[in-house]
Amino acid sequence: MSDERTASGLIHHGYTPPPGFAAPQPAVHKASTVIFPDVAALRARDWRHKNGYTYGLHGTPTTFTLEARIATLMHAEHCVLAPSGLAAISLVDLALLKAGDELLLPANVYGPSRDLARGLLARLGITHRLYDPQRPETLAAAIGPQTKLVWLEAPGSVTMEFPDLPALVAACRHAPGGPVRTAIDDTWGSGLAFDAFALGIDVVMQALTKYPSGGGDVLMGAVCTRDATLHEQILLAHMQLGLGVGANDAEAVLRGLPSLVLRYDAQDTTARTLAGWLQTQPGVARVLHPALDGAPGHAHWRALCAADAGRPQGRAAGLFSVLLDAGYTRRQVDGFVDALRLFSIGYSWAGPKSLVVPYDLPAMRPGDERLQGHLVRFSVGLEEAAALQDDLAQALARLGAPTRG
Ligand SMILES: *Cc1c(COP(=O)(O)O)cnc(C)c1O
């Protein structure tokens, strides 16, 4: 999985323009109705196998092209798009689980995924339990006869600890009652930091909202598989739920893909520069970035993501958190965040604009004493590292020293 192969694969991916119009950029095809030449054609086309177009909801040349490119990116055989990353998560859960089944989630899972389990899935009779992703033995112990799906995520997208993914997958594979199906939220890795399918994971989900779009202007998700039967099961639920995506949005993601590798690596480089610098700053108790020595799960990140010959320093997203000294008051921390100028206050990440969000750590992790302090998460955009560092420096200067000691 070298740089060159991934970027070139995305840029030179097959596309056939209309005759006489040899433009390489895929067009926006919009339709609800697709006209069939005759009844025989209507009867012959089957949306399940993409052997033709049947109805806008079942796919258009624009969405089929995007699905094929995301499958290439993720080293998958099949891909289906959903209207958001969260819709892709709920699609996987609803496609693969039924009443009486149990779902296992990492304790640091993307928050809305846990809310879905607590809410809609619970109402449907699907139970869930949390495991500690940093202790694979807690996953092995949690798997029971009703466990039908285990979600993985690397790293936690707020607390940033990187798990031992091979050990977690092994726990699912070697469960006493037989292998348990696995799904990973690979939004952070974007198919670039590591190859989830090579680890033996069954379903790879990604929020295209983040790096593949890169513009901060689209919501979309993807669910990728290598197994045709599993794909069909997901596609059937996708159809029954009516999870179509807009052609303009699909085309916006298609426009982002050629620069995906360049953006990912640039944002990674800037984030590592800033994270390393922040480690040296008074008032910063800890920097949580999986590529930093001593960060939670760093050895697991190194084992999985630093081995890629395509980039000697390995890959990590432009996302990290800091723990400000517990001696600061919440008001001081809010003042620090408010003082930032290039980091805008807002959710999401991977767009051109740097973003920052303070999180309430005790509320996220009741009873977990491992992380102390005030957590502030940064998403690095495409601004110059020096400009972002100057911004952080001026806001830290205003923060001053902790008031409580
Ligand atoms: C953003 C995000 C999602 C959800 O994507 P949306 O398109 O915003 O619904 C899921 N998982 C992770 C890790 C994310 O960062």
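In this predicted model, a polar side-chain atom of Lys 210 lies 2.6 Å from an oxygen atom of the ligand. The ligand is surrounded by 13 residues. The largest pocket holds about 600 Å³ of space. Thr 54 sits in the loop between α2 (39–44) and α3 (61–73).

**Ligand surroundings**
- The closest residues to the ligand are Gly 85, Leu 86, Asp 185, Thr 209 and Lys 210.
- Thr 209 places a polar side-chain atom 2.6 Å from an oxygen atom of the ligand.
- Gly 85 uses its backbone: an N or O atom there lies 2.7 Å from an oxygen atom of the ligand.

**Largest pocket**
- Its lining consists of 34 residues.
- Tyr 110, Gly 111, Pro 112, Ser 157 and Arg 377 lie nearest the centre of the largest pocket.
- Two or more lining residues come from each of α4 (85–96), α5 (111–123) and β6 (203–207).
- The most come from α5, which gives four residues to the lining.
- Sorted by class, the lining has 17 nonpolar, 10 polar and seven charged residues.

**Thr 54**
- Is Thr 54 buried or exposed? Thr 54 counts as buried because its relative accessible area is 16%, and the cut-off for buried is under 20%.
- The side chain of Thr 54 makes a polar contact with the side chain of His 58, at 2.8 Å.
- Leaving out residues up to four places away in sequence, Thr 54 touches Val 34, Phe 36, Arg 45 and Trp 47.

Note on methods:
Residues are numbered from 1 along each chain as its sequence is written. This is a predicted model: local features need pLDDT of at least 70, side-chain atom pairs count only at pLDDT 80 or more; totals for chains, interfaces and linings use all residues. Side-chain values use heavy atoms; hydrogens and water are left out. On a 1 Å grid over the protein atoms alone, a cavity is a set of points where a 1.4 Å probe fits but cannot get out, and a pocket is an open set with protein on both sides within 12 Å along at least five of seven lines; lining residues have an atom within 4 Å of a point. Grid points are joined across faces, edges and corners, and a volume is the space filled by probe spheres set on the points. Ala, Val, Leu, Ile, Met, Phe, Trp, Tyr, Cys and Pro count as nonpolar, Asp, Glu, Lys and Arg as charged, and the others, Gly among them, as polar. Buried means under 20% relative accessible area, exposed over 50%, partly exposed in between (1.4 Å probe, protein chains only). A polar contact is a pair of N or O atoms within 3.5 Å; within protein, one must be able to donate a hydrogen and the other to accept it, and residues adjacent in sequence count only if both atoms are side-chain atoms. Contact means heavy atoms within 4.5 Å. A residue is near a molecule or strand if one of its heavy atoms lies within 4 Å of it.
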